[in-house]
Amino acid sequence: DIKADEKSSCTLPEGTSSSPQEIDPSKENQLYFTYSVHWEESDIKWASRWDTYLTMSDVQIHWFSIINSVVVVFFLSGILSMIIIRTLRKDIANYNKEDDIEDTMEESGWKLVHGDVFRPPQYPMILSSLLGSGIQLFCMILIVIFVAMLGMLSPSSRGALMTTACFLFMFMGVFGGFAAGRLYRTLKGHRWKKGAFCTATLYPGVVFGICFVLNCFIWGKHSSGAVPFPTMVALLCMWFGISLPLVYLGYYFGFRKQPYDNPVRTNQIPRQIPEQRWYMNRFVGILMAGILPFGAMFIELFFIFSAIWENQFYYLFGFLFLVFIILVVSCSQISIVMVYFQLCAEDYRWWWRNFLVSGGSAFYVLVYAIFYFVNKLDIVEFIPSLLYFGYTALMVLSFWLLTGTIGFYAAYMFVRKIYAAVKI
């Protein structure tokens, strides 16, 4: 109904006066709104319009954080090389002295459990499935952060980061399946089809289930932030049409490949494990192992939380890539230290324990998320709180899988290395 005159300004037609519009409470009413827009030509090119939002604020804080993290890692590396390399050299030199039979009879420390250290753990299928998902996550996160660091995933193209992450996770299924299949074969597993199905559905199934339940609550509130039902169906089709076949393919080749060669044979009868000290408790191990990797990435975590929950823009992917590398190094080092202490205590059940302990920093992420919720956010209603803790649970689970997998493979390589060095 609006007419434009010669000067391109709009006028409302006659008859629509600016008198108040009457509202009848007994029925639905139609309301009319008007607004005016004044256009100004800008000298800034279209491609540069986002620069004002993407300027790196708080760069100094990030540099301090990176330097702090690097110092932590060097400190950890120093302790690691002093304890492990010096002690290991001494251990290996002592173990390889073949003086007389009596000395070799009185074995102690980690050499004592050589006949049990590669004994397959309980639930090998679930362990290999979780580690397969961890490898899938690791490959996906590494590529996404690297591509974002090169500036290909700008926040101006809305949803690009999430879409890229989803697609990459689907296609990385082939690597996850391969790693899981090979490890499952090493752990003397033989039901490869069931193992492949478990790898393809265990972690994605939990993620999809939590997201679907949370989405139902958002639908219930008629929010525009809800994921439309066709999009959910499309994600399901991608999961079963792309990810599942690729995991099966990777698992098949991984299972057919030679298993990892363990340097020592496993005894028929498992040896008795001596009573462990209080500090060798699993939960104490999680608390001890998690603090350093968490300290290395704590500042970056604050900015990521602000970006997700307080509508800030996060565009410091260069810093994030550095922090990711530091996280990988610190997780690997701390898990090697923990597995060494465990084997010295003559406890050879390291497979599951190392996976849980390496992911210890996820516990601190959870504690920090609760602290952030209480101190920084003013959320009082039930559904927003549920959304916060639902999505936080997904973040913590993914982070635990990622750090646990990094730590597990570092420890596995270390254990194979040290037992290959002693004469048995």
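How much area is buried between domain 1 and domain 2, and what share of it do carbon and sulfur atoms give? The area buried between the two domains, meaning the accessible area (1.4 Å probe) that two parts lose on being put together, summed over both, is about 3,000 Å², and carbon and sulfur atoms give 84% of it. This is a predicted model, in which local features need pLDDT of at least 70 and side-chain atom pairs count only at pLDDT 80 or more, while totals for chains, interfaces and linings use all residues. Residues are numbered from 1 along each chain as its sequence is written, and side-chain values use heavy atoms, with hydrogens and water left out.

**The two domains**
- Domain 1 covers 60-73 + 106-118 + 272-423 and domain 2 covers 123-261, with bounds that come from an automatic or database domain assignment.
- Their C-alpha centres lie 21 Å apart, and the contact (heavy atoms within 4.5 Å) takes 31 residues from domain 1 and 36 residues from domain 2.

**The interface**
- Phe317, Trp352 and Tyr409 supply 19% of the area that domain 1 buries against domain 2, more than any other three residues.
- One salt bridge is counted between the domains, where the term requires a side-chain nitrogen of Lys or Arg within 4 Å of a carboxyl oxygen of Asp or Glu.
- The side chains of Arg416 and Asp261 form a salt bridge with an N to O distance of 3.5 Å.
- On the side of domain 1 that touches domain 2, the elements giving two or more residues are α10 (317-344), α11 (351-358) and α13 (382-421), and the largest share, 18 residues, comes from α13.

**A helix pair**
- Helix α5 (residues 160-171) and helix α8 (residues 229-256) pack at an angle of about 35°, with their axes 8 Å apart; these axes are lines fitted to C-alpha atoms over the stretch in contact, and angles run from 0 to 180 degrees between N-to-C directions.
- Phe167, Met170 and Phe171 of α5 make this contact with α8 residues that include Trp239 and Leu246.

How values were computed
Helix = DSSP H or I, 4+ residues; strand = E, 2+ residues; numbered from the N terminus.
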